[in-house]
Amino acid sequence: MAFCPLPSSSSSSSDSSSSSSSPFESFNSAKFWILHGIMAGVAVAAAVGARAYWTRVKKFRNQVVGIIPARFASTRFQGKPLVEILGKPMIQRTWERAKLAATLDQVVVATDDEKIAECCRKFGADVVMTSESCRNGTERCSEALEKLGKNYDIVVNIQGDEPLIEPEIIDGIVKALQATPDAVFSTAVTSLKPEDALDPNRVKCVVDNRGYAIYFSRGLIPFNKSGKVNQQFPYLLHLGIQSYDTKFLKIYPDLQPTPLQLEEDLEQLKVLENGYKMKVIKVNHEAHGVDIPEDVQKIESLMRERNLS
Amino acid sequence: MAFCPSPSSSSSSNSSSSSSSPFESSNSAKFWILHGIMAGVAVATAVGARAYWTRVKKFRNRVVGIIPARFASTRFQGKPLVEILGKPMIQRTWERAKLAATLDQVVVATDDEKIAECCRKFGADVVMTSESCRNGTERCSEALEKLGKNYDIVVNIQGDEPLIEPEIIDGIVKALQATPDAVFSTAVTSLKPEDALDPNRVKCVVDNCGYAIYFSRGLIPFNKSGKVNQQFPYLLHLGIQSYDTKFLKIYPDLQPTPLQLEEDLEQLKVLENGYKMKVIKVNHEAHGVDIPEDVQKIESLMRERNLS
């Protein structure tokens, strides 16, 4: 940058007009560069600031999809998703409940059977076809997510056989995962009834003082010196609903099965044994799963009692 | 720094100085450049040396073993002083601890003058602690404070395991030194199937990197059948533990936690507060002395093995 004005008494007459204006020209040149430099600097600062503000204001993990895995085959109850409960297919009831969850950007049924897919399309559900070889709901969710091809941050795995699932529970586990960046998985628990304490089909859960899962077991946990069920202790029953960070879901089904998972036959232990963190919320929920044909009548009576249709 | 030599044709009175001024200013420049470089090299050397030293110096390398030994006991009053094949139990435990290579010092922490006297007789360092310590961990914490030295790890060595192997002490120390994100380390051994349903035997489950997941008086892992699986390698928790001293300073004051209280297992307080614990698996037959009858058992065992 030239700050020293050029001597006015210089070169030939042909440049007289230019030379007489040259002090101003070079000065303007300096000003020009300073001004444009400042403007560029301000523009860059504004861009950086806007991005920082946007990143902070934009919710973490805010693109959420709910997937209802629904397979046709079953040892105990063939074609279960299509069974009618008070005149409406169970899969439709679950889907309608899931649609009420405010945190879900989309709800998708992931199935391996054309009859189920057809039924779902009839009542307006998005359907993704997945393979029959999926070994469990999580694998099916993972395959469906891939086929959807969209950029979701969280996948909620909604059990198709809990037609009375409360939308608030879905929202609760989504918000828990959004609020806990170091967790890759979130799920829910409810109060365990003392009569279920020694039932290995009821999965118990223990958590730490910030709501991270410590362990799940078919045995009674926490145990105690007397070896008896403590009628005063607030034991926790694990509910089947779970949500995953999608980056984690992509690798989860391919993780090798782990010793505790295999012995307890509890897939969620694979998460803990691989050192990942899981957030747990406590809810009030009476589980009304439909596992066998007899459960249908039970749930229909309950719904009539409560005037649900 | 002046690179442009000042015009040689300047004022006369400064002729001598002016004629040497180009060299003077260039010498001055050289002076500053040279000293700047030397200072830079000195700083770089200092930084490099510090980084090297920090990396080479072992992490958490100052270790003290503390044997809490209180006199009072509901089941066995004065237990540390009971003689096993002619030698006080506390002395046997201390002698074993002294064989552990990773310990820089071994200290007996007691609340009783008789125990202190006995220990000083066989050459042990003793720290007096208060009778109100509720458990071994609190006693270790108080002893550490009274010692006033800069230790990184404290090993809490149970006074009533006179056959403790020094290798187990070294093992848990090395585990804690190798695991910066853990604040606590302990050991497990194989659980015998007949102990699986005994609530006095504490079971442990770990993750695939050796961090503790949970401890329970109930059988863990459980299974669908509800029966003990004869093929499963269940783990039995041993009483020995080591702590990062920064953690030990706050640990006794942490509020008791729900699972800790229900299971009556102090180590659950560590997990419930979100801290990480490393676990090593060892081969160890536990021979704790809890009641007077255990003395004869352990003496027979020692005679069988020709230990004295």
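Trp33(A) counts as exposed, at 55% relative accessibility, where exposed denotes over 50% relative accessible area, buried under 20% and partly exposed the range in between (1.4 Å probe, protein chains only). The model is predicted, so that local features need pLDDT of at least 70 and side-chain atom pairs count only at pLDDT 80 or more, while totals for chains, interfaces and linings use all residues. Residues are numbered from 1 along each chain as its sequence is written, chains are lettered from A and ligands numbered from 1 in the order in which they are written, and side-chain values use heavy atoms, with hydrogens and water left out.

Aromatic pairs were assigned to rings of Phe, Tyr and Trp (its six-membered ring) whose centres lie within 6.5 Å; planes under 30 degrees apart count as stacked, over 60 as edge-to-face and the rest as tilted. By this rule, 17 aromatic pairs are found over all chains. Trp33(A) takes part in an edge-to-face pair with Phe32(A), with 5.1 Å from centre to centre and 85 degrees between the planes. Phe32(A) is partly exposed, its relative accessible area being 41%. A stacked pair is formed by Phe248(A) and Tyr252(A), with centres 4.9 Å apart and 25 degrees between the planes. Phe248(A) is buried at 4% relative accessible area, and Tyr252(A) likewise counts as buried, at 1%. Phe248(A) and Tyr252(A) belong to a cluster linked by ring pairs, together with Phe185(A), Tyr244(A) and Tyr276(A).

Tyrosine rings also meet lysine side chains. A charge is taken to sit over a ring if NZ of Lys or CZ of Arg is within 6 Å of the ring centre and within 35 degrees of the ring normal. In chain A, Lys279(A) lies over the face of Tyr212(A), 5.7 Å from the ring centre. In chain B, the charged end of Lys278(B) is placed over the ring of Tyr211(B), at 5.7 Å from the centre.

Chain A contains nine helices and eleven strands, where helices (H or I, at least four residues) and strands (E, at least two) are DSSP runs numbered from the N terminus. Of its 309 residues, 49% count as buried. With contact defined as heavy atoms within 4.5 Å, 67% of the contacts in chain A between residues at least 6 apart in sequence join residues at least 24 apart.

Helix H4 of chain A (residues 137-148) comprises twelve residues and reaches 16 Å from its first C-alpha to its last, close to the 16 Å expected at 1.5 Å a residue; the expected span is 1.5 Å times one less than the number of residues. H4(A) is mostly covered, nine of its twelve residues being buried. Among them are Thr138(A), Glu139(A), Arg140(A) and Cys141(A). The buried residues of H4(A) pack against strands E1 (64-70), E4 (106-111), E5 (126-129), E6 (154-157) and E10 (236-245) and against helix H6 (246-251) of chain A.

Thr111(A) is placed in strand E4 of chain A. Thr111(A) counts as buried, at 0% relative accessibility. Residues up to four places away in sequence aside, Thr111(A) touches Ala70(A), Ile116(A), Ala117(A), Val127(A), Val128(A), Met129(A), Thr130(A) and Arg140(A).

In chain B, strand pairing was assigned if DSSP finds at least two bridges between two strands. Strand E1 (residues 63-69) of chain B pairs with E6(B) in the parallel sense over four bridges, and Val64(B) has Val154(B) as its bridge partner in E6(B). E1(B) also pairs with strand E4 (residues 105-110) of chain B, in the parallel sense over six bridges; Pro68(B) stands opposite Ala109(B) in E4(B). Seven of the seven residues of E1(B) are buried. Val63(B), Gly65(B), Ile67(B) and Ala69(B) cover one side, and Val64(B), Ile66(B) and Pro68(B) are on the other, with both faces covered.

Strand E6 (residues 153-156) of chain B is covered on both faces as well, with Ile153(B) and Val155(B) buried on one side and Val154(B) and Asn156(B) buried on the other. E6(B) pairs with strand E10 (residues 235-244) of chain B in the antiparallel sense over four bridges. Within this pairing, Val155(B) stands opposite Ser242(B) in E10(B).

For chain B, an unreviewed UniProt entry lists residues 31-53 as "transmembrane region"; UniProt positions are given in the numbering used here, feature names are shortened, and annotations may be inferred rather than shown by experiment. Over residues 31-53 of chain B, the chain is 100% helix and 0% strand, and the end C-alpha atoms are 33 Å apart.
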